[in-house]
Amino acid sequence: MIRELRLLDLGVIADATIELGEGLTAITGETGAGKTMLLTGLGLLLGGRADSSAVRAGARQAAVEGRLVVHGEALRIAEDAGAMLDDGELVVVRTVAAEGRSRAHLGGRSVPVGVLAEMGSELVAVHGQSDQIRLRAPAEQRAALDAYAGPAQQEALAALAAAHRRRRELAAELERWDAETSSRADELDRLERALERIDALEPRLGEIDALREETERLGNVELLLGAAASARAALDGDDEGGVPGALTALEAARRALESGAVHDSRLGAWAERLTEAIHVVNDVVTETGSYAASLEADPARLEALHERRAALTDLVRGLGAEAAADDPDPLAGVLAFAERARARVGELTAPGGGREAIEERLAQAVADEQAAAAEVTENRRRAAEGLSAQVDAELEGLSMRGAHLHVELTPRAETGPHGAEDVELQLSPHPDVPPRPIARGASGGELSRIMLALEVALADRRAADGALPVFVFDEVDAGIGGRAATEVGRRLAELARHTQVVVVTHLAQVAAFADTHLVVSRSSDDDGVTTTVHAVTGEDRERELARMLSGEDSETALRHAAELLERPERADVRR
């Protein structure tokens with residue numbers, strides 16, 4: 001709800017504060033008085049395009065300030081932007097500098113203009129001549145029907161959009177699969193050949209290091225035998241040459257220490273340590289003897305080791321980057337690659353996999369899309385009947401007796417994200433005239449009344465969800481008069497029972513239904529042209545209605561104005 005709107009240096013308005021009440025507010029005034037500036041200001045407040053030409057001559061900037069009561073999605077948008085409420089109201093400020101810069105503030109926080117536009121789209125619906133043009137667009141007609149179908153239709157549309165997106169994704173995946181058939185065959189052949197090489201060699205972790213060690217041993221048998229024999233002779237002595245070894249010296253040292261241990265215990269401790277050393281040296285003598293006995297030259301085994309090492313090295317090099325691994329053992333990468341390759345071969349050759357699996361998922365996605373589209377279509381068929389009947393009733397009251405709104409659902413060649421049919425609103429102005437698309441068969445005045453009838457029809461559905469915005473109608477009564485004008489006023493008042501409605505009008509029959517009547521006046525003085533806005537009641541209101549009726553406040557016009565305010569239908573709306 002819009003509580004208050006203040007305009008500063010906007011067009012011909014120097015400073016005007018407009019207090020908007022609940023229900024229906026009518027804004028009237030002479031042509032050229034500046035009523036359009038009120039809507040321009042509201043548009044700026046709702047994130048509309050800023051135009052420096054709207055700044056009052058001689059002023060540095062124009063400013064628009066509004067106090068709004070917000071709820072639902074509009075409140076969430078404001079809070080996400082960091083806005084703070086003031087006594088439950090949201091203060092919105094938009095300034096436009098004479099040189100063209102524009103700034104926006106929401107609840108005390110500077111915000112991008114886009115935030116105002118996002119919030120405004122949830123809070124206020126403006127209807128004017130441009131909206132009549134928009135009503136001619138098929139997308140707007142479809143949206144009107146879906147809105148009438150209610151929340152269940154919105155859920156069905158969301159499900160359809162998701163199913164449509166899934167179906168397109170899988171169709172694209174199938175196209176890629178078919179386009180990549182040759183490359184997958186090459187990939188399968190490459191992987192199978194690599195696995196054949198790996199399986200033929202059966203590499204094991206740590207095998208390369210083990211082969212290198214065994215190769216070194218068999219390739220240096222004579223050297224190793226000599227080293228072992230020399231070490232054994234040095235430790236155990238050379239019997240043939242009569243040369244004592246280290247064991248003999250150690251034994252002599254141990255006996256010498258033991259002989260003195262009776263006089264000093266420290267010598268006994270050293271003797272014990274030498275005894276341990278003698279045991280260790282004896283073990284080495286025994287092991288070197290066994291080692292020498294086990295060593296023998298084996299040229300055939302050595303050749304086999306060289307071949308195995310070469311084969312493993314070729315395998316690692318042949319796989320290259322595919323077998324690269326952080327592990328120091330190059331065979332770790334080979335074994336990891338083999339595991340991945342087996343899994344991939346399984347994917348490429350598994351029964352029911354590959355193209356068959358994609359086709360199966362695509363078929364399910366198509367079925368899901370068709371089911372969702374069928375639900376959307378059925379909802380539209382039911383809604384079309386109700387919308388036609390309700391709009392027809394409204395049009396009859398709007399002096400379009402016998403007019404019929406026909407909702408045409410035309411199947412599409414292919415289901416899209418919005419359904420399997422196009423929606424077109426058609427109007428038959430008389431029972432004996434076939435329906436024609438409103439884009440071609442409705443005049444401006446008829447479009448105004450159709451638009452109003454649609455809003456009234458939708459209001460009951462949307463009010464139950466608390467989703468009604470503030471409605472602003474800019475000369476929705478253009479091109480009509482007489483009884484039709486009275487019925488337009490009645491419908492606006494009916495709509496205002498559900499939400500705040502603001503109408504800019506030239507018709508007294510419409511203004512007479514307003515709960516609040518604001519008059520835009522224009523005056524000239526030495527400082528230029530100034531526009532003011534003030535509320536009228538009582539005799540002042542009768543005079544304004546008289547002016548609208550006849551251009552003057554004659555007794556006849558005043559009497560007619562009083563009759564408008566006292567009409568029973570005006571009171572009926574307020575019950």
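Guide: A charge is said to sit over a ring if NZ of Lys or CZ of Arg is within 6 Å of the ring centre and within 35 degrees of the ring normal. This is a predicted model, where local features need pLDDT of at least 70, side-chain atom pairs count only at pLDDT 80 or more, and totals for chains, interfaces and linings use all residues. Residues are numbered from 1 along each chain as its sequence is written, and side-chain values use heavy atoms, with hydrogens and water left out.

Visitor: What makes R184 a charge over the ring of W177?

Guide: The charged end of R184 is 3.3 Å from the centre of that ring, and the limit is 6 Å, so the pair qualifies.

Visitor: Why are the rings of F471 and F473 called stacked?

Guide: Rings of Phe, Tyr and Trp (its six-membered ring) pair if their centres lie within 6.5 Å, and planes under 30 degrees apart count as stacked, over 60 as edge-to-face and the rest as tilted. The count by this rule is 1 aromatic pair; the centres of F471 and F473 are 6.1 Å apart and their planes stand at 25°, so the pair is stacked. Both residues are also buried (under 20% relative accessible area with a 1.4 Å probe, protein chains only; exposed is over 50%, partly exposed in between).

Visitor: How do you know that R94 has no salt bridge?

Guide: A salt bridge needs a side-chain nitrogen of Lys or Arg within 4 Å of a carboxyl oxygen of Asp or Glu. For the buried R94, the nearest side chain of opposite charge, D51, is 11 Å away. A polar atom of the R94 side chain does lie 3.0 Å from the backbone oxygen of G48.

Conventions
Lys and Arg count as positive and Asp and Glu as negative; His and the chain ends are not counted. A polar contact is a pair of N or O atoms within 3.5 Å; within protein, one must be able to donate a hydrogen and the other to accept it, and residues adjacent in sequence count only if both atoms are side-chain atoms.
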